[in-house]
Amino acid sequence: MSNEDLFAQISADLGSGRKDGVSSKILMIAESTDDPYEVLKCLSLLKLVEDEGTESKLCDILLGMADQSNGLEICTSLRNLDLPETALTILKKMEPSDRSLRLECQCLYDMEEYESAMDKYSKIQNPVINDRILFSSIQSAVGEYNAAVDTATALLEEYPTDYDVRIAYVNALLRCGKDKEAAKYARNAVKDKTADSNAIAAYVLRIAGNTKAAAGYATRAINLDNNHIGAMETLGICLAAKQEYDKARIVAGAINEISPGNKAALNILANIENS
């Protein structure tokens with residue numbers, strides 16, 4: 001049986017709620033291929049069956065496949081799959097560049113090694129917008145709350161319509177204890193009736209614990225843009241909080257269809273596990 005046929009079988013099994021034997025099929029594919037992207041696809045599917053033993057074996061296979069030509073792409077995918085430790089192991093063997101430093105910084109942040117992430121950020125020669133967004137989060141994580149707000153405010157002034165920047169701004173406010181300012185920004189934002197603004201309002205309301213209202217705004221955002229990952233993530237987490245796990249999994253699956261391996265889908269699944 002070809003790997004393509006095995007992938008089709010696995011998808012059919014998972015779609016029907018059957019998990020028995022899936023891990024062995026996934027491992028069979030990973031051990032028979034010389035394509036690292038097939039192994040990454042295996043890791044992505046494995047997240048749905050939660051088999052740490054097989055996950056470790058797949059990570060070992062990828063460590064042997066990674067080289068200077070594909071390492072950064074592999075590490076990007078590994079980080080999205082919530083495997084920053086494996087990504088960092090590969091990154092330490094890569095030629096230094098802004099891109100490799102950026103990935104190291106992201107992985108260290110994911111691993112809650114914030115001081116090391118701060119040090120790694122300082123070595124990036126030409127920070128781009130997403131680097132600066134992450135820097136604001138690092139500042140908050142190390143207790144530099146006002147500095148984080150300043151960083152996010154400067155970004156917002158430069159990129160007032162960028163969704164990730166706007167989320168970074170309200171995040172900085174919330175972590176600084178400026179909940180009222182974050183709520184005010186969200187209230188004013190929804191006046192433009194865009195998907196992004198509704199998604200931002202949903203995010204702020206979810207953080208505040210108002211999952212019912214958050215789900216409403218998230219749904220509104222999705223109705224305006226049915227590919228809005230941020231709104232879908234908020235909706236999925238709200239559904240998990242209400243113990244509507246099947247619906248939450250459907251939302252996670254929809255995110256994975258739109259953006260395979262997106263961390264938003266994993267965040268929803270993690271909230272299901274922790275509910």
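In this predicted model, the lining of the largest pocket draws at least two residues from each of eight helical segments, namely helix 4 (52–65), helix 5 (71–80), helix 7 (98–110), helix 9 (129–141), helix 11 (163–175), helix 13 (195–207), helix 15 (229–241) and helix 17 (263–274). Among these contributors, helix 17 provides the largest share, with eight residues. The space within the largest pocket amounts to about 1900 Å³. Its lining comprises 48 residues, of which Arg79, Glu233, Lys263, Ala264 and Asn267 lie closest to the centre of the pocket. When the lining of the largest pocket is divided by residue class, 17 residues are nonpolar, 14 are polar and 17 are charged.

The second largest pocket contains about 980 Å³ of space. It is lined by 33 residues, and those closest to its centre are Ser44, Leu45, Leu48, Gly253 and Asn256. Two or more lining residues are given to the second largest pocket by each of helix 1 (3–15), helix 3 (36–46), helix 5, helix 16 (245–258) and helix 17. Here the largest share, seven residues, is that of helix 16. The composition of this second lining is 15 nonpolar, ten polar and eight charged residues.

In helix 8, which spans residues 114–121, the buried positions are Ala117, Met118, Lys120 and Tyr121. These four residues lie on the same side of helix 8, because the arc that they cover around the axis is only 165 degrees. An α-helix has 3.6 residues a turn, so residues three or four places apart point the same way.

Salt bridges were then examined. Side chains of opposite charge can pair when their charged atoms come close. Over the whole structure, the search identifies twelve salt bridges. One of them joins the side chains of Asp119 and Lys123, with an N to O distance of 2.9 Å. Both partners are partly exposed, Asp119 having a relative accessible area of 40% and Lys123 a relative accessibility of 42%. A further salt bridge, between the side chains of Lys242 and Glu244, has an N to O distance of 3.8 Å. Lys242 is partly exposed at a relative accessible area of 43%, and Glu244 also counts as partly exposed, at 26% relative accessibility.

A salt bridge is also formed between Arg249 and Asp246, whose closest N and O atoms are 3.6 Å apart. Both residues belong to helix 16, where Arg249 and Asp246 are separated by three residues, or about one turn of the helix. The accessibility of the two partners falls into separate classes, since Arg249 is partly exposed, with a relative accessible area of 41%, whereas Asp246 is exposed, with a relative accessible area of 59%. Elsewhere, salt bridges that share partners connect Asp13, Arg18 and Lys25 into one network.

Note on methods:
Residues are numbered from 1 along each chain as its sequence is written. This is a predicted model: local features need pLDDT of at least 70, side-chain atom pairs count only at pLDDT 80 or more; totals for chains, interfaces and linings use all residues. Side-chain values use heavy atoms; hydrogens and water are left out. On a 1 Å grid over the protein atoms alone, a cavity is a set of points where a 1.4 Å probe fits but cannot get out, and a pocket is an open set with protein on both sides within 12 Å along at least five of seven lines; lining residues have an atom within 4 Å of a point. Grid points are joined across faces, edges and corners, and a volume is the space filled by probe spheres set on the points. Ala, Val, Leu, Ile, Met, Phe, Trp, Tyr, Cys and Pro count as nonpolar, Asp, Glu, Lys and Arg as charged, and the others, Gly among them, as polar. Buried means under 20% relative accessible area, exposed over 50%, partly exposed in between (1.4 Å probe, protein chains only). The arc is that of the directions from the helix axis to the C-beta atoms. A salt bridge is a side-chain nitrogen of Lys or Arg within 4 Å of a carboxyl oxygen of Asp or Glu.
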